[in-house]
Amino acid sequence: MKTKRATEGRWRKLGWWGARITVPEHWEPARLGTRYLLLEDGRANVFEARWEPVGRRTDPEGVLDRLARARGMTRSLVQERLNPRWAMAVRAFDAATGFSWSYDGQSGKGAVLLCGQCGHMILLQFLGGANVSEETAARVLSSFTDHAGGDAVPWTVFDVSAHMPADFTLLRHRFHPGQFEMVFAHGRDTWTLHRWGPADALLAGRDLVGWSGGIVPRLCEVRGDPATRDTTANSVEWEACPGMDAFDQLRGRLSLKPTHFWCHIWRVPEKNRILCVSYTGKGAHDPALAERICDGYAAR
Amino acid sequence: MRRDENALDVSSRDMALDCTPVKNRHVDQERTAEGVMLIYPVEVKPWARRLMRLFGADDRPANKKLQLDPLGSQVWDLMDGEARVRDIAARFAKSRKLHKKEAEVAVCQFLRDLGRRGIVAMK
């Protein structure tokens, strides 16, 4: 690792599965998983983070031993004390040990940490080819937190940022060019964050209602045709729910499938994006919760 | 410990971004209301050509048309034979306010599709 490279340049915050970290602006997610984050700098993978609940009795050294044995890396993985700078950066954690490895032409250097508050075992490592300076590494390490305080969890990746209630669980995600999607479960209901872009090309002269009329039927998984409400130039809401007659109401109650759909689609002209929060569930959506989610969702 | 399984993916994409796309000089283009329409020759396989000759059919290379949407047309116009894929993606991202990586992935995918049809080559 280089030791004299300054940590100048811009930095950005990432939030994923409760964890938050601040990294150089050109570091982007290369792979996202359940409590897992792999970042690249456009040339190589630079940083990996994994955090899992293991309970409070596990020690970091034992975790490293098990990992090394599981990966057949007992010879290539070396446990070591954290250097003073790194030790200072991760002092908020209850236990910490350092490690380095070199295997099959690749290498890495990192730390295994134990969070006493939530019982997470955390593995953070900087990957070999990246030439991350000690200063940058220390700043990245010191910014890492594995659990969000309060009742909202930040989900901040690529150019979207959302604050979702802490009891929401990410079911699946998709970050394809032009279309992002994060689907959260809340009990038996699902809340989905969508992002489309570039808005000017997608709309192509149409208004938001006209464009969303082609999108919403694909999002709506319930019986019935969605209808618009609360329409403005840059914002539209759609809703679908069982009919008012007794037969539709009874069928809705007996059905195991979701019966209510709601979504709010809005355009962010200055970012050239279209954002959407959609709800699918057995009952009508909670307007206060919907407003809270919409308020916390933005294009960066 | 998780091995750096994605290292090859990232470095190969990095190499691809440093390539320069060059338009096939046998490709004609027309401006339409939707964007650029490309007219490109389709090579007939030798065995098919022999078969066509046998039945007296015209065995000259046929032309196909490909209508690009406004985004594809913009990328096509950014290809000047000098700009690297990285530069094209950066200009595309800036003009459309796209995320850098998103633009890179989209432009690479688009150029790969054109390359498969023999419309562009990489140097």
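Biologist: Where does Pro198(A) lie?
Modeller: Pro198(A) sits in the loop between β14 (189–196) and α4 of chain A; helices (H or I, at least four residues) and strands (E, at least two) are DSSP runs, numbered from the N terminus. This is a predicted model, where local features need pLDDT of at least 70 and side-chain atom pairs count only at pLDDT 80 or more, while totals for chains, interfaces and linings use all residues. Residues are numbered from 1 along each chain as its sequence is written, chains are lettered from A and ligands numbered from 1 in written order, and side-chain values use heavy atoms, leaving out hydrogens and water.

Biologist: Which peptide bond is cis?
Modeller: Most peptide bonds are trans. Here, the one from Gly197(A) to Pro198(A) is cis, omega near -10°.

Biologist: What is phi at Phe158(A)?
Modeller: Most residues other than glycine have a negative phi. Phe158(A) has a positive one, about 50°, in the loop between β10 (152–157) and β11 (160–165) of chain A.

Biologist: Is Phe158(A) buried or exposed?
Modeller: Buried means under 20% relative accessible area, exposed over 50%, partly exposed in between (1.4 Å probe, protein chains only). At 9%, Phe158(A) is buried. Lys97(B), with phi near 55°, is partly exposed at 40%.

Biologist: How many salt bridges are there between chain A and chain B?
Modeller: A salt bridge needs a side-chain nitrogen of Lys or Arg within 4 Å of a carboxyl oxygen of Asp or Glu. The two chains have three; Glu40(A) and Lys101(B) form one at 3.0 Å, N to O. On the side of chain A that touches chain B, β3(A) gives the largest share, four residues.
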